[in-house]
Amino acid sequence: MSDSSLRVVWVYPDLLSTYGDQGNVLVVGRRAHQRGLNVDRIDVRSDQPVPTSGDVYLIGGGEDRPQRLAAERLVRDGGLQRAVDNGAIVFSVCAGYQILGHEFVNDQGERQPGLGLLDVTSVRGTGVRCVGDVLADMDEHLRLPQLTGFENHQGITHLGPTARPLARVRFGNGNGTGDGTEGAWNDTVFGTYMHGPVLARNPLIADLLLKLALDVNALPPVDDRWYEALRAERIAAATQPA
């Protein structure tokens, strides 16, 4: 795999990069380097066009106003939609996850259009904010171990008929609908409420993104002892009584 290269695009780090979400970019790059891949990392600020030739696009979380600005600019730019049309992989977190849906409620209390890359719609919850460690069982079609992450959101995200839940919650809230779902995905687009950063806690999700981008069924093994220690610690934290 040493002759291969990967273009990793970090979308709007100036607006969407809370709770350590930039760590997801670092993990994808690290996992690729460990397999002998050359990584071309592209950080795209909100005043720049989104390139359409990337392989993996990562979007983090953000506060309400930056989320609104990011959505406006991404819709106007159109680059991310064209990249997905070209077969790119997208992984999004929290505010980024909501932006990938059909619409969400912005900081002005208005329904704002998203990119429509996921069949989900988000509203603002009126109850207790969803905060804390989460443990969930990943969709069986993804063949991945349990999801561990940290949620901090007021949003509630409803899945439409073409969106699959990324996971089913054992501990925590996830999408906040009360149906036990967490996140959503389709063929190449993934969304989750999990921070952490989530790919440091779940490195095999990063590997899944790599496999999809490279169109391969398997990757060479790497040393996962550090990741497994972190996972064990956070899984234990999620299952301990408050």
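A residue counts as buried when its relative accessible area is under 20%, as exposed when that area is over 50%, and as partly exposed in between, using a 1.4 Å probe and protein chains only. By this rule tyrosine 227 is buried, because its relative accessible area is 9%, whereas tryptophan 226 is exposed, with 56%. The model is predicted, so local features need pLDDT of at least 70 and side-chain atom pairs count only at pLDDT 80 or more, while totals for chains, interfaces and linings use all residues. Residues are numbered from 1 along each chain as its sequence is written, and side-chain values use heavy atoms, leaving out hydrogens and water.

**Aromatic pairs**

- The whole structure holds 3 aromatic pairs, where rings of Phe, Tyr and Trp (its six-membered ring) pair if their centres lie within 6.5 Å, and planes under 30 degrees apart count as stacked, over 60 as edge-to-face and the rest as tilted.
- One of them joins tyrosine 97 and tyrosine 193 edge-to-face, at 5.2 Å centre to centre with 75 degrees between the planes, and both tyrosines are buried.
- Tryptophan 226 and tyrosine 227 also form an edge-to-face pair, with 5.2 Å from centre to centre and 85 degrees between the planes.

**Contact of two helices**

- In helix 1, Val27, Val28, Arg31 and Ala32 meet residues of helix 6, including Pro203, Leu204 and Asp207, where contact means heavy atoms within 4.5 Å and helices are DSSP runs (H or I, at least four residues) numbered from the N terminus.
- The residues of this contact divide into 8 nonpolar, no polar and 2 charged, with Ala, Val, Leu, Ile, Met, Phe, Trp, Tyr, Cys and Pro counted as nonpolar, Asp, Glu, Lys and Arg as charged, and the others, Gly among them, as polar.
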